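Subject: Handing over a model, with notes

Dear colleague,

Please find below the structure I mentioned, followed by what I found in it.

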Amino acid sequence: MSEIFSLSGKTVLVTGASSGFGYHFAGVLAEAGARVVLGARRVDKIQARVDELAKAGHEVLGIPLDVRDPDSAQQFLASAVERFGSADVLINNAGVEAGAKTYTMIDDEDWDYVFDTNLKAAWRLSKYYTALAEQSGSRGCIVNIASITAFRTIKGQFPYAVSKAALVKATEIMALEGARYGVRVNALAPGYILTDVSRVLLESDRSDTFVKGIPMRRYGQFEDLNGPLLLLASDASQYMTGSVVVVDGGHICAEL
Ligand SMILES: NC(=O)c1ccc[n+]([C@@H]2O[C@H](COP(=O)([O-])OP(=O)(O)OC[C@H]3O[C@@H](n4cnc5c(N)ncnc54)[C@H](OP(=O)(O)O)[C@@H]3O)[C@@H](O)[C@H]2O)c1
């Protein structure tokens, strides 16, 4: 039964693999048998992860990637196909936030920075990826890393939460339109997971109140995402498209 979650023989591309989720996902995907292509701007960190995974016997490739740059995005996909012969799964994970700012505090630069990375880049990579799937006649699978802030949020997460809500809508529309090319598009929406990015909030004096709002009474750990990630990236989800898998300890259904 566990074979349906296997990624053996598949090439999986992960954006934003130099730290946090992406860094962790690269290992999980490789352990599931995938050839993994890691992309991000910090090439030293990508190279370190590639070396680590290669040493453990995995087939991996690191590529400098700025998802906001169309040429870089094209090159990312082309390099994966050139090296491994296919691009079976695309994980749009790269993401940024503008800091703890309300809508009255952000400026045009914050807006463009967050939307260009979290939304426009995910659309652009998905567009190029779908063209590739159409050309090669192969089926495709896209996993967008959204967030529960798409559904419920707290003050000071503008425009991050708006970009994630839009990414959920983009997932649904791309699922609808991508089906004719054999491309499935789903989203993973994690709750609060302890990473370098969320540490400031999760280890602040607001932390206790925050945890009490999570029905399971704890933050998520990277490992909590392993199963849901493999579900969406593998053939185990072959009849799923346009779905959003929420992984948050029940946070979005908590009492107000
Ligand atoms: N942590 C959480 O609690 C949480 C919860 C829900 C959703 N998420 C989402 O999960 C994803 C990963 O976040 P994280 O928590 O792991 O944060 P992180 O450690 O800061 O990782 C973000 C990654 O995105 C990459 N990135 C940013 N801009 C990029 C660009 N222009 N081109 C290529 N790569 C870029 C960064 O690499 P470089 O800087 O090297 O380019 C980095 O590898 C994001 O989409 C985030 O919104 C996180």
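How closely do the axes of α1 and helix α8 approach, and at what angle do they cross? They come within 11 Å and cross at roughly 65°, where axes are lines fitted to C-alpha atoms (for helices over the stretch in contact) and angles run from 0 to 180 degrees between N-to-C directions. The crossing of α1 past α8 is right-handed, the term for a near helix turned clockwise from the far one by less than a right angle. On the α1 side the contact is made by Phe25, Val28 and Leu29, and on the α8 side by Asn226, Leu229, Leu230 and Ala233, with contact taken as C-beta atoms, placed from the backbone, lying within 7 Å. By class this contact has 6 nonpolar residues, 1 polar and no charged ones (Ala, Val, Leu, Ile, Met, Phe, Trp, Tyr, Cys and Pro count as nonpolar, Asp, Glu, Lys and Arg as charged, and the others, Gly among them, as polar).

Before going further, please note that this is a predicted model, in which local features need pLDDT of at least 70 and side-chain atom pairs count only at pLDDT 80 or more, while totals for chains, interfaces and linings use all residues. Residues are numbered from 1 along each chain as its sequence is written.

The protein chain has 8 helices and 7 strands, these being DSSP runs numbered from the N terminus (H or I of at least four residues for helices, E of at least two for strands). The 7 strands form an open sheet in the order β3-β2-β1-β4-β5-β6-β7, with parallel pairing; two strands pair if DSSP finds at least two bridges between them. Because β3 (60–64) and β7 (244–247) stand at the edges with a single partner strand each, one side of each is left without a neighbour in the sheet. From one strand to the next the twist averages 15°. Helix α8 also packs on this sheet, where it touches β1, β4, β5 (140–145), β6 (183–190) and β7, and its direction makes about 170° with that of β6.

As for the ligand, 29 residues surround it, the closest being Gly16, Gly20, Arg41, Arg42 and Gly95 (a residue is near if its C-beta atom, placed from the backbone, lies within 6 Å). This shell divides into 11 nonpolar, 12 polar and 6 charged residues, and helix α1 (residues 20–31) gives the most to it, with 3 residues.

Best regards

Notes: Contact = placed C-beta atoms within 7 Å.
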